[in-house]
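Dear colleague,

Please find below the structure that I am handing over to you. My notes on what was found in it follow directly after.

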Amino acid sequence: MLKPPAIQMIGVTKVFPGVVANDKVNLEVFDGEIHALLGENGAGKSTLVSILFGFYEKDEGVIKIRDKTVRIKGPNDATALGIGMVHQHFKLVPNFSVTENIVLGLEPRIPFWGNLDLKAAEDRVAKLSAAYGLAVDPGAKIETITVAMQQRVEILKILYRNADILIFDEPTAVLTPQEIDELLAIFYRLKAEGKTIVFITHKLREIKAAADRCTVLRRGKHVGTVNVKDTDEQKLAEMMVGRKVIFSIDKKPSNSREVILKIENLFVVGSKGTTAVNNLSLEVRSGEIVGVAGVDGNGQIELAAAISGLTPVKSGRILLKGRDISKDTIRQRNESGVGFVPEDRQKYGLILAFRLDENLILKSYRNDSYSSSLGFLRFPVIAKYADTLISEFDIRAGNGPATYVSGMSGGNQQKVVIAREIDLSPDLLIVSQPTRGLDVGAIEYIHRRIVEERDKGRAVLLVSFELDEIMALCDRIAAISKGQVIGVVSAEEVDERRIGAMMAGLA
């Protein structure tokens with residue numbers, strides 16, 4: 001007799017003001033499988049798993065856990081059913097230790113005294129970490145460990161609570177390629193221990209590498225479920241976006257001309273007080289895309305932040321069309337023609353408590369078009385402008401320009417930032433991790449827009465941890481290691497092996 005599925009969601013519907021997030025969606029996941037949930041930004045994936053974990057209550061439908069109909073009214077109900085969730089944005093207390101975060105709300109106590117038995121907690125966390133090969137230090141402070149390690153802490157939190165159904169919402173969005181490989185290896189170990197995994201991703205390669213089956217959603221509806229070994233990336237992409245997706249980037253040879261950005265002997269101190277950018281020099285010309293390729297933590301993020309004005313320069317010069325802007329304010333740099341898509345859209349790119357239309361004019365609200373002579377914003381004009389960008393960049397917003405960005409999916413938040421920066425037509429466009437968290441259809445569109453900006457004569461500096469993206473988009477590639485440019489090469493004359501060697505510090 002066949003065992004019933006671990007999870008059955010039948011005809012699940014969830015409606016928010018102005019948008020049907022899930023429309024009679026079906027999901028069936030078997031015990032001990034790795035099941036991918038795929039869809040465009042705003043397709044309803046995160047809403048569906050949030051219903052399963054109790055963050056939202058469904059409006060219609062049935063949920064069964066191992067053939068038993070259940071009502072999940074909150075995360076505590078989900079935890080009691082053996083369901084755990086690792087969120088895209090981690091739920092950790094920075095100044096607490098790893099162990100204190102893991103046991104929060106479920107603290108072991110010393111008999112009679114009632115105090116926290118930290119030693120017992122650390123011992124159990126260490127045993128769990130060793131059993132699943134997570135290599136986490138139980139005593140480390142969260143604020144001192146890497147993003148990948150913080151994610152492992154989140155995994156340990158749900159394992160500590162004896163979860164056997166593990167949900168991961170965009171688990172690779174903030175990881176480097178090497179860290180992604182390590183996470184997938186953790187998935188295999190969890191599966192070998194009998195755990196059931198549901199993970200949301202936009203990356204087709206990860207689905208092919210890790211998943212047994214894949215359920216595809218499109219605009220809130222269930223499109224189909226496939227055996228991953230019996231399908232290919234092109235078919236998955238077509239199911240996701242409803243059309244054929246072109247993975248290759250069609251671009252003409254670069255017509256680079258004048259030097260727009262010139263960096264001379266730049267030194268920048270990082271957040272930990274050490275030198276992050278070390279005597280770096282680089283040029284970017286109009287009509288070209290220069291990529292900065294490097295392993296995370298080698299100064300590329302600090303470089304982008306220094307050019308945009310987010311991080312002060314210790315010494316050296318940043319010349320924009322021949323003028324030193326290294327001491328300019330962020331506003332002065334914006335007005336001089338610097339556009340910036342930051343790595344962390346929520347921290348540096350958006351004001352989450354503002355509406356979509358307000359975020360789109362963050363850099364231009366002082367213009368006469370949007371402000372009256374008395375300083376009042378012209379909201380009808382702003383809303384009309386926002387409608388144009390919403391349509392052009394396919395931003396999914398249930399309440400249109402009045403949608404608060406805090407309630408939008410991560411991918412659609414990214415589109416808001418990119419739409420704002422590109423529409424300002426800057427002379428220099430800095431794009432740091434521009435496609436992080438985007439689906440293949442959106443990636444295809446953003447790549448095309450970046451190339452279009454190049455073809456219009458803009459100078460583009462691209463920072464990305466995705467070597468495929470660097471190789472496909474860039475005209476020249478600067479490999480960075482320990483804050484120094486090891487070499488600058490033509491993208492047409494180099495392969496991934498050579499770039500990888502340069503990223504490792506080999507000239």
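Strand 3 (residues 34-39) and strand 9 (residues 213-218) run parallel to each other and are paired over five bridges. Within this pair, Leu38 stands opposite Val216 of strand 9. Please bear in mind that the model is a predicted one.

Both strands belong to an open sheet of six strands, ordered 6-7-8-3-9-10, with mixed pairing. Its edges are formed by strand 6 (83-86) and strand 10 (221-227), each of which pairs on one side only. On average, neighbouring strands in this sheet are turned by 20° against each other, direction ignored.

Two helices may be described together with this sheet. Helix 1 (residues 45-53) lies across strand 3, strand 6, strand 7 (165-169), strand 8 (196-200) and strand 9, and runs at about 140° to strand 6. Helix 8 (residues 233-241) packs on the sheet and touches strand 3, strand 9 and strand 10, its direction making about 30° with that of strand 9. In helix 8, the buried residues are Leu236, Ala237, Met239, Met240 and Val241. These buried residues pack against strand 3, strand 9 and strand 10, and also against helix 7 (204-210) and helix 15 (440-455).

Strand 13 (residues 288-293) pairs with strand 19 (residues 476-481) in the parallel sense over four bridges, and Val290 stands opposite Arg476 in strand 19.

Finally, the largest pocket has a volume of about 1,900 Å³. Its lining comprises 49 residues, with Val147, Ile301, Glu343, Asp344 and Lys347 nearest the centre. By class, the lining has 19 nonpolar, 19 polar and 11 charged residues. Which helix gives the most to this lining? Helix 9 does, with five residues.

With kind regards

Notes: Residues are numbered from 1 along each chain as its sequence is written. This is a predicted model: local features need pLDDT of at least 70, side-chain atom pairs count only at pLDDT 80 or more; totals for chains, interfaces and linings use all residues. Side-chain values use heavy atoms; hydrogens and water are left out. On a 1 Å grid over the protein atoms alone, a cavity is a set of points where a 1.4 Å probe fits but cannot get out, and a pocket is an open set with protein on both sides within 12 Å along at least five of seven lines; lining residues have an atom within 4 Å of a point. Grid points are joined across faces, edges and corners, and a volume is the space filled by probe spheres set on the points. Ala, Val, Leu, Ile, Met, Phe, Trp, Tyr, Cys and Pro count as nonpolar, Asp, Glu, Lys and Arg as charged, and the others, Gly among them, as polar. Two strands pair if DSSP finds at least two bridges between them. Axes are lines fitted to C-alpha atoms, for helices over the stretch in contact, and angles run from 0 to 180 degrees between N-to-C directions. Contact means heavy atoms within 4.5 Å. Buried means under 20% relative accessible area, exposed over 50%, partly exposed in between (1.4 Å probe, protein chains only).
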